[in-house]
Amino acid sequence: MRNLFFVSALAFLAACGSGNKPDEQAFLESLDSAAVEGPEISEEVISSVLQQIPSPLEISVLLKESGTKYDKQLLNSPDNISKYNSNYHKALNLGIYGTDLGYTNIYEQNQDGLDYMGSIKDLADGLSIGQFFDIETIGRLATNSKNLDSLLLITTQNFNSINQYLQEQGRANLSVLLLAGGWIEAMHITCEVAASDPSNKELQETIGSQKIILENIVLLLSFYQQVDQNMASLLTDMQVLQTEYENIEIVTTYEESTFEIVDGVMVIKDNSSSEIKITDQNIENIKNLIGSVRNKIIS
Amino acid sequence: MHKMKKAIYPLVVVGMLMAFSFQVNAQCDSEPYTSGCIPKLASGFNFLKSYKIDGQGGTKTKVEYSYVFTKGTQYMINVCATGESTDGIVVSLFDSNRNKVVSSKVNDQYISAIAYPCNTTGIYYIQYTFDESTQFCGGSALGFKR
């Protein structure tokens, strides 16, 4: 209520001002801060759902392992950063750039990676979380492909630290946006590749299996729909995507697992299985929907 | 009487310091264990997450996290605690229907790492319990490879 009054007062002042053009960025930021009233759901619940969302790095590794060539055109240009002025857009695009960085790292495209790192650092600074990126160390690691493992490790740790910090600071809404952005970008890349190579059934199955993660993202966004207009709008888009996903069936057959000990490691044999029923048309529809949501975010 | 007070004062201070020190020791600093666990992921595995295992001195019986595992991906979860062993920390994996996939305690042995080639995409629950643990404190890392 207090925030509503604040926003109304700000809008009134902007409308009745002395003729000077209002500071658009300050206004957007005030809208952002007004939105972070916090949902009624507990932070523990939000945190427990957030932690389940898999790293976009898994999809980048899948793409490389399946023989897909590196394609920079699929990514969001790091030069687009100047377009992102509100915290909402900064957080979503931080997630998008995070996925793009992981993609460039996996393909060992170090110069491209450094460009993304620069934009990531700027966005993170804008959200007061820039302290988690050690540009110098990352830059040094990126100069040598032998450092790939360290580079992947340090960037993953940085993003994990950010998510933990945001949740501890009561800014889990930004964490939700960051993870949602990362997921949307991973989906965009995967769908584009899958649509151009319908013979790659593994990619199609991966897209189908994202139904489970989409459920989590929809749930997380729904926590904020009453307190954040931007997140409510994104939720609506995600719900449209979810409707398309209702056409995809995941059939799971459970069998008890077995194991053996190999060199001190317990290696499990998963005897359960799952079948994902997805068509080329489903892929096309999902690709178009994801593309549309992504365009709204990156433009 | 004044001399007596003078003599007791250092004892009180030392006592308070000892009590504080005990409290600090009782707290679980899992950070060295989580960071120590990451390099112990087997070769070829990419780091995903690190998990704190804080049994709060034995008052908590289990610590649980969850993660969506993807079909066709192999995951590794390892456990680190004081010394070389897992200090009685057992990691168990449950699928989305809460069916137990595996537990790292076998024949009274505590296995410190499990590898899971996933056949079924879904939410999995990674549960840590304490079995004759002394510190109730450790860390864990989750990695993946295709």
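Q: In which sense do β3(A) and strand β8 (residues 113-117) of chain B pair?
A: Across the two chains of this predicted model, three bridges link β3(A) to β8(B); two strands count as paired if DSSP finds at least two bridges between them. Helices (H or I, at least four residues) and strands (E, at least two) are DSSP runs, numbered from the N terminus. The sense of the β3(A)-β8(B) pairing is parallel.

Q: How are residues, chains and local features treated here, and which pLDDT do local features need?
A: Residues are numbered from 1 along each chain as its sequence is written, while chains are lettered from A and ligands numbered from 1 in the order in which they are written. Side-chain atom pairs count only at pLDDT 80 or more, and totals for chains, interfaces and linings use all residues, whereas local features need a pLDDT of at least 70.

Q: Which residue of β8(B) stands opposite Met266(A)?
A: Within chain A, β3 (residues 265-269) pairs with β2 (residues 258-262) in the antiparallel sense over five bridges, and there Met266(A) stands opposite Ile261(A). On the side of chain B, the residue of β8(B) opposite Met266(A) is Ile114(B).

Q: What is the bridge partner of Val267(A) in β8(B)?
A: Val267(A) belongs to the uncovered face of β3(A), with Val265(A) and Lys269(A), whereas Met266(A) and Ile268(A) form the covered face. In β3(A), Val267(A) is the bridge partner of Glu260(A). Its partner in β8(B) is Ala115(B).

Q: Which residue in the turn between β2(A) and β3(A) has a positive phi?
A: The two strands form a hairpin with two residues between them. The turn residue with a positive phi, about 50 degrees, is Asp263(A).

Q: Which element gives the largest share of the side of chain A that touches chain B?
A: The contact takes 35 residues from chain A and 32 from chain B, where residues are in contact if their C-beta atoms, placed from the backbone, lie within 7 Å. Elements giving two or more residues to the chain A side include α8, β2, β3 and β4 (273-277). The largest share, five residues, comes from α4(A).

Q: How do the buried residues of α3(A) lie about its axis, and within what arc?
A: In α3 (residues 43-50) of chain A, Ile46(A), Val49(A) and Leu50(A) are buried, that is, 20 or more other C-beta atoms lie within 10 Å of their own (12 or fewer: exposed; in between: partly exposed). Seen down the axis, using the directions from the helix axis to the C-beta atoms, they line one face of the helix, because they fall within an arc of 100 degrees.

Note on methods: Contact = placed C-beta atoms within 7 Å.
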